[in-house]
Amino acid sequence: MMVFVWLLCFFILIGLISLVIFQVMCLADLEFDYINPYDTASRINKVMIPEFILQGILSLVLLFSGHWIMFLLSLPFVYYNYNVYQKRQHLIDVTEIFNHVYKEKKQRLIKLGCLVVFLFLSLFWMIWSVLEDD
């Protein structure tokens, strides 16, 4: 049973990593002038709410499955997303995007690094639970 929970977490994390990589690529394309600011902002703004929802679902799955350590590690993400959403800073402004490209890209790269660590932790616990069942 625990393997299925870890598989679900794995696929949610793959989805989160894909969304963050997509955002980093959009910002990099803007930086190299391959895409205009309006398209960049609209593409990134479309995936922000799904990213927040996936992060919340991941935390709920970890909470309800009793994986307290991983749940506690995911709480800072949820708290950060909640604060960003409440302050209305989750959407990128088209007129200010060039002034904040470096900061936005840096935030997403840090988020990507944390999600990759989360992915490896979930893979470790998935393998551990399979070996434990044998």
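## Confidence

pLDDT is the predictor's confidence in each residue, on a scale from 0 to 100. This is a predicted model, so local features need a pLDDT of at least 70 and side-chain atom pairs count only at 80 or more, while totals for chains, interfaces and linings use all residues. Residues are numbered from 1 along each chain as its sequence is written, and side-chain values use heavy atoms, with hydrogens and water left out.

The protein chain averages a pLDDT of 93, and 99% of the residues score at least 70. Confidence is highest in H2, at 96, and lowest in helix H4 (residues 101–133), at a mean of 92. Helices here are DSSP runs (H or I, at least four residues), numbered from the N terminus.

## The cores

Next, the inside. A nonpolar core is a set of buried Ala, Val, Leu, Ile, Met, Phe, Trp, Tyr and Cys residues joined through side-chain atoms within 4.5 Å. Buried means under 20% relative accessible area, exposed over 50%, and partly exposed in between (1.4 Å probe, protein chains only). The largest core has 22 residues, and Cys-9, Leu-13, Leu-58, Leu-62, Leu-115 and Phe-118 touch the most other members. Helix H1 (2–31), H2, helix H3 (68–86) and H4 each give two or more residues to this core, with the largest share, eleven residues, coming from H1.

Apart from this core lies another, of twelve residues, including Ala-41, Phe-52, Val-84 and Ile-92. Back in the largest core, take Leu-13. Setting aside residues up to four places away in sequence, Leu-13 touches Leu-58, Leu-115, Phe-118, Leu-119 and Ser-122.

## Around Ile-44

Ile-44 sits in helix H2 (residues 37–64) and is buried, at a relative accessible area of 0%. Beyond its neighbours within four places in sequence, Ile-44 is in contact (heavy atoms within 4.5 Å) with Gln-23, Cys-26, Leu-27, Ile-92 and Arg-108. Ile-44 and Ile-92 are 48 residues apart in sequence, yet 7.4 Å apart in space, C-alpha to C-alpha.

## Aromatic rings

Rings of Phe, Tyr and Trp (its six-membered ring) pair if their centres lie within 6.5 Å; planes under 30 degrees apart are stacked, over 60 edge-to-face, and the rest tilted. There are six aromatic pairs in the structure. One of them, Phe-10 with Phe-11, is edge-to-face, at 5.4 Å centre to centre and 70° between the planes. Phe-11 counts as exposed because its relative accessibility is 54%.

Phe-32 and Tyr-34 make a tilted pair, 6.2 Å centre to centre with 35° between the planes. Phe-32 and Tyr-34 are both exposed. Elsewhere, Phe-124, Trp-125 and Trp-128 form one aromatic cluster.
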